[in-house]
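Please check each point against them.

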Amino acid sequence: MSDPDTGGSVVRYYCTAGNGMERFLIGEVKEKLAAEDVCQTAGKVLFSSSAAIHRVSALKAAERLFLLLRSDAPLRLPPHSGPANAAALLRSRLLGDVSQWAGAAVTWRRLQGELATRRTEEGRRGERERGDEESSEAPTLKRERDEEEEKESERKRRCEEDDGGEEASAENMHHVKPSAGALPPEPALSFRVSCKCTGSLSRCFGSQEVSRLVGGGLSRLLGWRADLKNPQLDVNVSLSNDHFLLGFPLTRLPLANRSYMKTTGLRSTVAWAMASLAQIQPGSCVVDPMCGVGTILIEAAQEHEAACFLGLDLDDGQLQRANENVEFAELGDRMQLLKASCMRLPLSSGSVDAVVCDLPFGRKFGTKTNMAANLPLILTEMERVLRVGGTLVLLLSPQLSCLLKALLNPAVPGPAPGQEAELQREPPPPRRSLEHRETLRVSLGAIDGLIHKYVKTDI
Ligand SMILES: C[S@@+](CC[C@H](N)C(=O)[O-])C[C@H]1O[C@@H](n2cnc3c(N)ncnc32)[C@H](O)[C@@H]1O
């Protein structure tokens, strides 16, 4: 499938993703970008797509987005190769085909130009929508914005000039390689190299050494100018026992930084993944009974315009921040917030299509509720408000995850002795209608969490 915005040219990208998020990212690039040649290596997903760059840069499961320059088999140095031979081998693998670097830089500039155009268009649209506000705006503010816009257009014009109006041909290959003679005269790019070198190669080369080797080569071979402080282009080199990847980042900020969130809670990518498991349909009613600042519901609402959302929390501060987030994301017409306890939901039975919830791990969010002891009651409430066929998606710490399995599946051995005592204080009520669908481990940074998905059956 080609996209009119890109003139149909296929570009090869890679994205980084948190541990456990790769499968979500693979699903997303296939579904939203009709991506082809999709493959993964630890923490990275590679794909080709002709979708417009603003759609690629709107991916939700990815951390960072790169234009792929080259992906090769991992470099293995022959045994007993001396330092000089090893360096020569590495240099030729990294810099071998110079036209590949020049071609990728042309594509990178073009994509930067398209992103800048999009930003300008969005800025103009926003201004038009603000309408009357514009006329009453303070003159200094308006002048500042006009100047900023002028600079943006100038940046864009320069990018287009640098491209010489030429489109690099991209015949479904790993990088875009212009034919000889078709290269426009390139102004010297300023650049900086960041390298991550791990595995067996790191016994011979440090990351800084590889960066210097690439930097020196690019200056010599292409006339690019090293600038460690404020470069136009970042060159990313990632070498490990699993992969050999060279690429250019396409956005300054990680994709995981959401422009529509004022205060962040749960990692946006994980919140998005949880929402994507909840089987939300047009008209669905989705509830987060411990919504915090509302991250999961806001991620869900961005994807599902025809669904409505209810967030509950006991903490006034969290609800205040959630309110600000909802306003900031302009979701007030579809998202309600209420102060209530997850152990006593103010909702009638069978009234909800999906429950999504990130239970406190007891690290970032202190809570007065003893989650382990109250898990049976919390689950009973969630099960009660769900309609038959509705979906429950929970993010739990590894400890709570063991408790949940023991509660919902009698065949699973019970929790650790200390926790067992707490559970037995009140016999767990029946929750047989929750049918297990899947459990996935995802990284939350310092620790992992487990996402559990259940569907309510009519048992
Ligand atoms: C892990 S945080 C949720 C974070 C949320 N996903 C976000 O992105 O901001 C758990 C939330 O549960 C709330 N909470 C704790 N005990 C509760 C209870 N008994 N009923 C409702 N909310 C509760 C806390 O105030 C906290 O905001």
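1. Basis. This is a predicted model, in which local features need pLDDT of at least 70 and side-chain atom pairs count only at pLDDT 80 or more, while totals for chains, interfaces and linings use all residues. Residues are numbered from 1 along each chain as its sequence is written, and side-chain values use heavy atoms, with hydrogens and water left out.

2. Ligand shell. The ligand is surrounded by 21 residues, where a residue is near a molecule if one of its heavy atoms lies within 4 Å of it. L266, V293, T295, D313 and D358 are the closest. By class, the shell has 11 nonpolar, seven polar and three charged residues. Here Ala, Val, Leu, Ile, Met, Phe, Trp, Tyr, Cys and Pro count as nonpolar, Asp, Glu, Lys and Arg as charged, and the others, Gly among them, as polar.

3. Ligand atom pairs. V293 places a backbone N or O atom 2.8 Å from an oxygen atom of the ligand. A nitrogen atom of the ligand lies 3.4 Å from a backbone N or O atom of L314. For D358, a polar side-chain atom lies 2.9 Å from a nitrogen atom of the ligand. The ligand taken alone exposes 600 Å², of which the protein buries 97%; accessible areas come from the Shrake-Rupley method with a 1.4 Å probe.

4. Eight-stranded sheet. An open sheet of mixed pairing has eight strands in the order β2-β3-β1-β4-β8-β7-β5-β6. β2 (36–41) and β6 (225–226) are at the edges with a single partner strand each, so one side of each has no neighbour in the sheet. Strands are DSSP runs of E with at least two residues, and helices are runs of H or I with at least four, numbered from the N terminus. Two strands pair if DSSP finds at least two bridges between them.

5. Pairings in that sheet. β2 and β3 (residues 44–49) are antiparallel over four bridges, and T41 has K44 of β3 as its bridge partner. β1 and β4 (residues 64–72) also run antiparallel, joined by four bridges; C15 has L65 of β4 as its bridge partner. Six bridges link β4 to β8 (residues 244–249) in the antiparallel sense, with R70 opposite L246 in β8.

6. Helix α1 (residues 22–33) lies across β1 (11–16), β2 and β3, at about 10° to β3. Helix α7 (residues 207–222) lies across β5 (190–197), β6 and β7 (233–239), at about 150° to β5. Axes are lines fitted to C-alpha atoms, for helices over the stretch in contact (heavy atoms within 4.5 Å), and angles run from 0 to 180 degrees between N-to-C directions.

7. Seven-stranded sheet. Another open sheet of mixed pairing has the order β11-β10-β9-β12-β13-β15-β14. β11 (335–339) and β14 (434–443) stand at its edges with a single partner strand each, so one side of each is left without a neighbour in the sheet. Neighbouring strands of this sheet are turned by 15° against each other on average, direction ignored. β14 and β15 (residues 448–456) are antiparallel over nine bridges, and L440 has I451 of β15 as its bridge partner. Helix α12 (residues 398–408) lies across β13 (386–396), β14 and β15, at about 25° to β15.

Methods
Polar contact = N/O pair within 3.5 Å; in protein donor to acceptor, adjacent residues only side chain to side chain.
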